[in-house]
Amino acid sequence: MLAASGFGVFSSSVEVDAVLVLSALRNEDAATLHWNTLEAARSVKATSRRIVLLQSAVAPSGLDGLSRTLRKEWPQSEIFSWTLPEDRTLWPQLTTHALSAGYGDGQLLSEGQQLSPALGELLSPALITPQPSATWLVTGGARGVTAACAIALAEQAGGTILLAGRSAETPWPEDLPVTQDLKALRGLLAARPRAPGVRISPSELDRTARALLAGAEIRDTLAAIRSTGAVAEYITMDAGDAASVDRALSAAQARFGPIRGIVHGAGVLADRLADEKTEAELRRVFAPKVNGLENILRNIHPSQLSHIAFFSSAAAFFGNRGQSDYAMANALLANAAHRLTSEAPDLRIKVFHWGPWAGGMVDAALATHFEAQGIPLIPIEEGARIFATELLAGDPAQIELVVGEAWPAG
Ligand SMILES: NC(=O)c1ccc[n+]([C@@H]2O[C@H](COP(=O)([O-])OP(=O)(O)OC[C@H]3O[C@@H](n4cnc5c(N)ncnc54)[C@H](OP(=O)(O)O)[C@@H]3O)[C@@H](O)[C@H]2O)c1
């Protein structure tokens, strides 16, 4: 038996062969739509052998990231995502055929024809060509692994690099010795002389220490970029907040001229298995990446751009336990990239599905998790070099790149 589900409304105790989840075909904001799809999949998982998540090629979504992750979290279910063509009259025939043919993830082009996603290849660094100076926006570029990439971009392309993040450029107090060690800094702050009776809570100490380290990291990145001869500025901007992006980008473009290149590296994690995932977590993960992209493109029309880079994760390509929201948000960026290329064919656009780096959001626990699976970490300098080389000189026809080793199934 076959059933189709609109939202999480489908509930049946009857065992069905396959459920088609249609929620991503509705016209809703990205986080709502992806949350509804996850909920719908959860609600039919007990009663359906196969779950097929349908997305449309017209409005990019990230359900391929969800199907890859759920296959790892729900090994007892068969889960796929299919991308359907614009012409809705083809859908019944295409999906019926794809079900009987047992297609996996991919784009349904016509009956009997499916385009499967493929692993990208990396090109040789020898292909670097100089780029004219331009103004770049690098979200998340003052800190984490995107900072290393922004420095490599400055080395190879020059121009003006605008680094955007939420953190303030908090100055380092003169009375404190410089350190990059969070624990040591908390200790130094706790030992500072204070007026009698003034107490500082451990959470306040932690917040202050993190703010100081963020400020120092921002200044270090600015200095490293300036040492290459490029211009570097930091702008405080919350990518997920429309008003903040409007304000920051209109001021930046008034001062530095039109932005010609975007590197969208802002991102956060909220890992938890799909069965326990909350809507708030999904929204937190979608905010910088997906809302961030929408907010940025409202201020910067693709026709003014020569380059875009999206920082995605290998989790979007292979799926990763605990990262259904992150895999969807990143897969959505990849699907949006294909859409942008078809709208602006001269735009050079690259989606980096990064494997784990030796830094940034990969803390010691995550590093151990990946190493236990035999997935090596990307050295910072190597990843940054690959980024700049691929963005500036890689094959323009190759949009998606998986950087690092293939991840094991299951
Ligand atoms: N590290 C890895 O192994 C790895 C692997 C795959 C993909 N990636 C991707 O690479 C990118 C950078 O990751 P990372 O490891 O460097 O993470 P990270 O160390 O946690 O840094 C995240 C960066 O994003 C910025 N950011 C977060 N939310 C933001 C918002 N709402 N608006 C503006 N900026 C925001 C942060 O700056 P503020 O805190 O100052 O806002 C920071 O610069 C992410 O998109 C991530 O998904 C990383």
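## The shell around the ligand

By class, the shell around the ligand in this predicted model comprises 16 nonpolar, 11 polar and three charged residues, where Ala, Val, Leu, Ile, Met, Phe, Trp, Tyr, Cys and Pro count as nonpolar, Asp, Glu, Lys and Arg as charged, and the others, Gly among them, as polar. Of the 30 residues around the ligand, those that come nearest are Gly140, Gly144, Gly165, Gly267 and Gly360; a residue is taken as near if its C-beta atom, placed from the backbone, lies within 6 Å of the molecule.

At least two residues of this shell are supplied by each of α4, β8 (160-165), α8 (279-299) and β11 (307-313), and α4 gives the most, with three residues. Helices (H or I, at least four residues) and strands (E, at least two) are DSSP runs, numbered from the N terminus.

## Basis of the model

Residues are numbered from 1 along each chain as its sequence is written. Because this is a predicted model, local features need pLDDT of at least 70 and side-chain atom pairs count only at pLDDT 80 or more, whereas totals for chains, interfaces and linings use all residues.

## Domains and their interface

The chain is divided into domain 1 (2-115) and domain 2 (125-403), with bounds that come from an automatic or database domain assignment. The centres of domain 1 and domain 2, taken over C-alpha atoms, are separated by 31 Å.

Across the interface, 19 residues of domain 1 are in contact with 25 residues of domain 2, two residues being in contact if their C-beta atoms, placed from the backbone, lie within 7 Å. On the side of domain 1 that touches domain 2, α1 (30-44) and α2 (63-73) each supply at least two residues, and α2 gives the most, with 10 residues. The residues of this side of domain 1 divide into eight nonpolar, five polar and six charged.

## Helix α4 against helix α12

The axes of helix α4 (residues 144-157) and helix α12 (residues 380-393) come within 8 Å and cross at roughly 50°; axes are lines fitted to C-alpha atoms, for helices over the stretch in contact, and angles run from 0 to 180 degrees between N-to-C directions. The two helices α4 and α12 are therefore oblique to each other, given that angles under 35 degrees count as roughly parallel, over 145 as roughly antiparallel, 65 to 115 as roughly perpendicular and the rest as oblique.

The crossing of α4 and α12 is right-handed, a crossing being left-handed if the near helix is turned anticlockwise from the far one by less than a right angle, and right-handed if clockwise. Among the residues that make the contact are Val145, Ala148 and Ile151 of α4 and Ile380, Arg385 and Phe387 of α12. The residues of this contact of α4 with α12 divide into 12 nonpolar, two polar and one charged.

## Two further helix pairs

The axes of helix α7 (residues 242-256) and α8 come within 9 Å and cross at roughly 40°, and α7 and α8 are therefore oblique to each other. Helix α7 passes α8 in a right-handed crossing, with the contact made by Ala242, Val245, Asp246, Leu249 and Ser250 of α7 and Asn295, Ile296 and Asn299 of α8. By class, this contact of α7 with α8 has four nonpolar, three polar and one charged residues.

For helix α5 (residues 182-190) and helix α6 (residues 202-226), the axes come within 9 Å and cross at roughly 120°, which makes α5 oblique to α6. The contact includes Leu182, Arg186 and Leu189 of α5 and Leu205, Asp206 and Leu212 of α6, and its residues divide into eight nonpolar, one polar and three charged.
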